[in-house]
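Subject: Handover of a structure for your study

Dear colleague,

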Number of protein chains: 2
Amino acid sequence: MIFTMNSQDLLEGLNTVTRALSARSPKQILEGILMTAAGDRVKMTCTDGSLVIECTNAASIKEEGQAVLPGRLFTELIRKMPAGDVNISVTDNRTAVIRCMKNRSSLAIMNADEYPEIQNLQSGTVVKIPQNKLRDMISRVVFAIATDESRQILTGSLLEVSRNEARLVALDGFRLAMQKLFQPFELPEGIDVVRAIIPGKVMNELSRILPEDDAFCTMLFDKNRMQCTFGNIRLTSGLLAGEYIDYRRILPTDFKTEACANRINVQDAIDRASLMAREGKNNLIKMSFHDGILKITSNAELGDVEEEMDASLNGEPIDIAFNARYITDVIRNVSDENLCMKFNSNISPCVVVPENGDDFIYLILPVRVFQ
Amino acid sequence: MIFTMNSQDLLEGLNTVTRALSARSPKQILEGILMTAAGDRVKMTCTDGSLVIECTNAASIKEEGQAVLPGRLFTELIRKMPAGDVNISVTDNRTAVIRCMKNRSSLAIMNADEYPEIQNLQSGTVVKIPQNKLRDMISRVVFAIATDESRQILTGSLLEVSRNEARLVALDGFRLAMQKLFQPFELPEGIDVVRAIIPGKVMNELSRILPEDDAFCTMLFDKNRMQCTFGNIRLTSGLLAGEYIDYRRILPTDFKTEACANRINVQDAIDRASLMAREGKNNLIKMSFHDGILKITSNAELGDVEEEMDASLNGEPIDIAFNARYITDVIRNVSDENLCMKFNSNISPCVVVPENGDDFIYLILPVRVFQ
């Protein structure tokens, strides 16, 4: 294998595919990057055994072939190369020689025959979603994906695409996040709904490598797997098996109290109150809506913090307590001028909704502290 | 104690003094900040038992007094406060109440009577050095201060001020760094030389809090201690006792080979070679100067890196090896266009000197690898 590629293209490819690289795999070959030179393209492939990321770039190929290069070291080396062309040459089964300007490096390679075979999806249901919209949806729900493995199904996020809307849902038993997309997206003729539970780790990596433009990401689903193709990148992953929780049943529809306050004020106040909450045992903050005032408080042995601000209140006054982190995670994802919360009681779920429209909903379980 | 201070002034003061704060001290009181309100000034004090940093700011004082506030939490809280006035009120011996806009926080305080007495230096020798020059000198030698406690005297840096020049020296047994300052600085009449060995930790903190302007920093030395005063800040520290190594004897004066190469080219090449050196056991890089070419190489089981560039050579060709980190540390401190190195042999110290002048000298011991 002998080819020349622009160092910037090579680095971008490596940065993308190494998101699936195993740092310390029991299988040493998975610490490598499979480079495949054929035609006028070079494909880079990394996999941790379940997630596969491939990236294909134009290159000037002198000799076709394959080799597995040490992933971390190769990427670090290319990252430090000057802008220009990089020539990579593998002429025996032991060493890749890398040349760039007056640098000449050699890296021990692994046998490409030992690299696991990457099986692409041959058929399935195709869903198309703009890259930037998909990226956005993911970033607005991932924080609520369960990290605790005790209920495995909750370590994934539910993608549910029907003819009218696409929904992405995550929940961990304490909070739920749902982001909707009304248009544009594409579902094949004759299919009413597609449901897939995508592993949390895959969601995280996908949101990091999806470009920010609005070209479509093509998602191909079969029973057990998903394959996303966008630009010169292809990501393949297993799906989680089983039934996701019926989240519709969890979402309350009627509320006794609706309250809004300036989001930035709430965020700053919670930021300060969290300092003290963290000192306490339960990381608790209390929110009290009374007479047009929102009071946010927290306390610990070392002291307490109390914040006041204007709030609009519709319905019964309420005193309610939350884990500070759950509130912080939610506020970070709201960009409206005001934060709007709806309640029934201080022991039933609170929901955070947009000021206008209904493209997201966050549900948070309160902590029982009030008698 | 009741006073009001601008939140930005308060935060700057806290950021400065908490550099001497003990993170987890066996003496709990040292995790606190001593606040002293008197006249129209508030003084903040932190100490870890040996280093003391004090900062004094203008404030509007309603009631004079003292209190010890929990250092870390108080600083984090003030960091998150909006711009404006902060009012701090201690009216009993248990709690400080902090008010800023619509925030009201309370913090448990400690008894100011238990805070260690801070003894200021009453007399000694005064040396004055511009803040920015002192800061610069420190940053150019600290990396060579020994971290290994086995020779305690080397965990400090020698400041040597004579009538013609001020020198700061650090060495750890493998390398030596010396930075000179020719002018401006001030030494009292009738004193020929001042020598003090300042602990490395103090050097680090001093370089972080010294302002970047050219006002003079007043350094007062007695036999055992040093007190630096600059702006509204005072830093007091013990000195290391004993004789520093006679560094003059270590510095070679004649050389068989002098070589120069473009500093940025050398830095980039060493950067890449270091990647491979790190994979090896000894973190070694080799430099070979022959026929107007500098070749930099490193190797490990995983491969090797080889770099070539133009170099000017005066004297005998040389092949020499170094610990990659020692070379990297030095290059980071050189800002000349070319890096100039002088050698006698590949088993005797190499020195790095400025392209012009003699305001610094770095000495590095090579590693014996060539026969």
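This is a predicted model: local features need pLDDT of at least 70, side-chain atom pairs count only at pLDDT 80 or more; totals for chains, interfaces and linings use all residues.

Residues are numbered from 1 along each chain as its sequence is written, chains are lettered from A and ligands numbered from 1 in the order in which they are written, and side-chain values use heavy atoms, with hydrogens and water left out.

Disulfides

A disulfide is a covalent bond between the sulfur atoms of two cysteines. Here the term is applied to a pair of cysteine sulfur atoms within 2.5 Å. By this rule there are two disulfides over all chains. In chain A, the sulfur atoms of A:C260 and A:C340 lie 2.3 Å apart and form a disulfide. The torsion about this S-S bond is about 110°, so the disulfide of A:C260 and A:C340 is right-handed. It links distant parts of the chain, with A:C260 in strand β18 (residues 257-262) and A:C340 in strand β24, 80 residues apart. Strands (E, at least two residues) and helices (H or I, at least four) are DSSP runs, numbered from the N terminus.

How accessible are these two cysteines? A:C260 is partly exposed, at 23% relative accessibility, and A:C340 is buried, at 8%. Buried means under 20% relative accessible area, exposed over 50%, and partly exposed in between (1.4 Å probe, protein chains only).

In chain B, a disulfide joins B:C260 to B:C340, with 2.3 Å from S to S. Its S-S torsion is about 110°, so this disulfide is right-handed. B:C260 is partly exposed, at 22%, and B:C340 is buried, at 8%. By contrast, A:C228 is in no disulfide, and the nearest cysteine sulfur, that of A:C217, is 4.5 Å away. A:C228 is buried, with a relative accessible area of 0%. The sulfur of B:C100 lies 19 Å from the closest cysteine sulfur, in B:C55, which is too far for a bond.

Aromatic pairs

Rings of Phe, Tyr and Trp (its six-membered ring) pair if their centres lie within 6.5 Å; planes under 30 degrees apart count as stacked, over 60 as edge-to-face and the rest as tilted. The count comes to eight aromatic pairs over all chains. One of them, A:F289 with A:F343, is tilted, at 5.5 Å centre to centre and 50° between the planes. A:F289 lies in strand β19 (residues 284-290) and A:F343 in strand β24 (residues 338-343) of chain A, so the pair ties together parts that are 54 residues apart in sequence. Both A:F289 and A:F343 are buried.

The rings of B:F143 and B:Y362 have centres 5.7 Å apart and planes at 50°, so this pair is tilted as well. Both B:F143 and B:Y362 are buried.

Strand β11 of chain A

Six of the seven residues of β11 (residues 156-162) in chain A are buried. β11(A) pairs with strand β14 (residues 193-199) of chain A in the antiparallel sense over seven bridges; two strands pair if DSSP finds at least two bridges between them. A:L158 stands opposite A:I197 in β14(A). β11(A) is also antiparallel to strand β12 (residues 166-171) of chain A, over four bridges. The two strands β11(A) and β12(A) form a hairpin with three residues between them.

Yours sincerely
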